[in-house]
Amino acid sequence: VLQYILLGAFEGAVLDISAFIVSILCSNRHKGFVKNHLGLTILLSDIFLIGAGMLFYKNVFTLIAIMGVLFETTALWINHESTIRIVSLFGAPCWLAYNAISGAVGSAIGNVITIITILIAIINYDILKKTKKVE
């Protein structure tokens, strides 16, 4: 968040903070209001994320960052591991493009590592069907 603020990429900072808030909601998806109104919670979370991103709209790359955060937070609501990997794989390149354009080099490097890690997991667990060792 601080990196985005220092770069003047306020939409990235706001989206990161907003995604954190949504992740807290997601961690409570089996409790209370969220459990009883899951669809509504997801819809309101997405509207919240879009609104937060548009609050500091700068250019088309703001929309790419919003798409990235929507993919990443959508993955948080999913229970099926291979689907999580695929959905997450769509979010990371969006953030990579946004970070490259905004000059957020550290985050862009993190996005590249994320993409590589997800691809390795897809190859190992979805294509080669390797099983996870539990020690």
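**View 1. Packing of helices H2 and H5.** Helices H2 and H5 pack with their axes 10 Å apart, at an angle of about 15°. H2 is therefore roughly parallel to H5, and their crossing is right-handed. The model is a predicted one, in which local features need pLDDT of at least 70 and side-chain atom pairs count only at pLDDT 80 or more, whereas totals for chains, interfaces and linings use all residues. Residues are numbered from 1 along each chain as its sequence is written, and side-chain values use heavy atoms, with hydrogens and water left out. Helices are DSSP runs of H or I with at least four residues, numbered from the N terminus. Axes are lines fitted to C-alpha atoms, for helices over the stretch in contact, and angles between N-to-C directions run from 0 to 180 degrees. Angles under 35 degrees count as roughly parallel and those over 145 as roughly antiparallel. A crossing is left-handed if the near helix is turned anticlockwise from the far one by less than a right angle, and right-handed if clockwise.

**View 2. Packing of helices H5 and H6.** Helix H5 spans residues 60-77 and helix H6 residues 81-102; their axes lie 8 Å apart and the packing angle is about 155°. H5 is therefore roughly antiparallel to H6. The crossing of this pair, H5 and H6, is left-handed.

View 3. The axes of H6 and H7 cross at roughly 160° and come within 9 Å, so H6 is roughly antiparallel to H7. This crossing of H6 and H7 is left-handed. Across the whole structure, the search finds 1 salt bridge (a side-chain nitrogen of Lys or Arg within 4 Å of a carboxyl oxygen of Asp or Glu). Arg 85 and Asp 126 form a salt bridge in which the closest N and O atoms are 2.8 Å apart. Arg 85 belongs to helix H6 and Asp 126 to helix H7 (residues 105-127), so the pair ties together parts 41 residues apart in sequence. Arg 85 counts as buried at 13% relative accessibility, and Asp 126 is buried with a relative accessible area of 18%. Buried means under 20% relative accessible area, exposed over 50%, and partly exposed in between, with a 1.4 Å probe and protein chains only.

**View 4. The nonpolar surface patch.** A nonpolar patch on the surface, with about 1,200 Å² of accessible area together, includes Val 1, Phe 10, Ile 24, Phe 48 and Phe 56. Patch residues have over 30% relative accessible area and no salt bridge, and nonpolar side chains (Val, Leu, Ile, Met, Phe, Trp, Tyr) are joined within 5 Å. Accessible areas come from the Shrake-Rupley method with a 1.4 Å probe. Helices H1 (2-7), H2 (10-27) and H4 (38-55) each supply at least two residues of the patch, and H2 gives the most, with 5 residues. Ile 24 is found in helix H2 and is partly exposed, with a relative accessible area of 39%.

View 5. Trp 95 lies in helix H6 and counts as buried at 3% relative accessibility. The C-alpha atoms of Trp 95 and Asn 111 are separated by 6.9 Å, the two residues being 16 residues apart along the chain. His 37 is placed in the loop between helix H3 (32-36) and H4 and is partly exposed, with a relative accessible area of 36%. His 37 and Asn 111 are 32 Å apart in space, C-alpha to C-alpha, and 74 residues apart in sequence.

Methods:
Patch = residues over 30% accessible without salt bridge, like charges linked within 9 Å, V, L, I, M, F, W, Y side chains within 5 Å. Parallel < 35°, antiparallel > 145°, perpendicular 65-115°, else oblique.
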